[in-house]
Amino acid sequence: MRPPAAVIHSPDYACDIGPHVFPMEKYARVRQRLISGGWVSDHAILAPEPATDEALARVHTRAYLHDLAAARWTPRTTPSELPLSPAIVASWRLMCGGTVLAARQALERGAAVHIGGGFHHAFADHAEGFCYLNDLAVAIRAVRADAGVGRVAVVDVDLHQGNGTARIFQDEPEVFTLSIHQEHLYPVKERSSLDVGLANETGDEAYLAALADALEAVWAHAPELVLVQAGADPFHDDQLGALRLTFAGLERRDRAVIGGCVERGIPVAITLGGGYSRRLDDLVAIHARTCEVALELSGAAAA
Ligand SMILES: [Zn+2]
């Protein structure tokens, strides 16, 4: 059965970043889990093209893109906490293309799941964290430029604030940025359209209540497309975080965000974002569940 929502991933996302807290292998593992669970067949998964120069230049500065193309350390690339190599840049550029494709597929099919993306700490002119290219921003500018899309919302439910995304769109009122995150934590905060900074040990119920309130502001923006950054790092066994959400709480989070879009007929594109749980199996399970929720809810709407 062809899934009503597009599923996007490329085996070429894999690249060597050495021993690192960021588990690059999670993408292939999530893909495999969706296939073995019968959610999508291997041949139905769409492989993106790398983001074009034109698409990247709508968000990132020329000087920064030159540094990336040469894979060289400069003041613009050194804020990265990843290694830098041509292969790594190529991988991030391909994932950036994956989020562009997800946004376009969401507009066509109502929903799209990108097994990748969500690099919300990348700024227009520099890298930050584990983020070289802000795929969310590149995708939004792409569909606003050539797909007739006006109003867009970013729903960023990663543990960390979407600081790069917030800064990129701070003077673009058509793009509403919501970030709900752990307040006392990396990064240095920028101002999103709406920031919900949560205390350590927030837990499921208080988190979900805060999210429900925040989503009202997203719906009030009347977006024609929603991009979700569905980070897995609010999980209770995450190495970097202390929000302490359970598996069930994270699924309820995803149902609130994705279900809210589907109920309102708003096209929704999902990216995976961060996640640093002690056990890789937990991380893969959380990301896969996000994808499954999107496939289930969009499928029910299409039936
Ligand atoms: Zn994160």
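**Close-up views: a buried threonine and selected salt bridges**

View 1. Thr271 is buried, at a relative accessible area of 1% (buried means under 20% relative accessible area, exposed over 50%, and partly exposed in between, with a 1.4 Å probe and protein chains only). This is a predicted model, in which local features need pLDDT of at least 70 and side-chain atom pairs count only at pLDDT 80 or more, while totals for chains, interfaces and linings use all residues. Residues are numbered from 1 along each chain as its sequence is written, and side-chain values use heavy atoms, with hydrogens and water left out. You will find Thr271 in strand 7 (residues 268-271); helices (H or I, at least four residues) and strands (E, at least two) are DSSP runs, numbered from the N terminus. A polar atom of the Thr271 side chain lies 2.8 Å from the backbone oxygen of Val228. Once neighbours within four places in sequence are set aside, the residues in contact with Thr271 include Thr99, His114, Asp135, Leu136, Gln229 and Ala230 (contact means heavy atoms within 4.5 Å).

**View 2. The salt bridge between Arg76 and Asp67.** Here the closest N and O atoms are 2.6 Å apart; a salt bridge is a side-chain nitrogen of Lys or Arg within 4 Å of a carboxyl oxygen of Asp or Glu. Asp67 is buried, with a relative accessible area of 1%, whereas Arg76 is partly exposed at 30%.

**View 3. The salt bridge between Glu174 and Arg144.** The two side chains meet at 3.7 Å, N to O. This pair links distant parts of the chain, 30 residues apart: Glu174 sits in the loop between helix 6 (163-168) and strand 4 (175-182), and Arg144 in helix 5 (residues 135-146). Glu174 is partly exposed, with a relative accessible area of 31%, and Arg144 is also partly exposed, at 25%.

**View 4. The salt bridge between Glu201 and Arg244.** An N to O distance of 3.1 Å joins these side chains. Glu201 lies in the loop between strand 5 (194-198) and helix 7 (203-220), and Arg244 in the loop between strand 6 (225-229) and helix 8 (247-264), so the pair ties together parts that are 43 residues apart in sequence. Glu201 is exposed, with a relative accessible area of 51%, while Arg244 is partly exposed at 31%.

Technical notes
A polar contact is a pair of N or O atoms within 3.5 Å; within protein, one must be able to donate a hydrogen and the other to accept it, and residues adjacent in sequence count only if both atoms are side-chain atoms.
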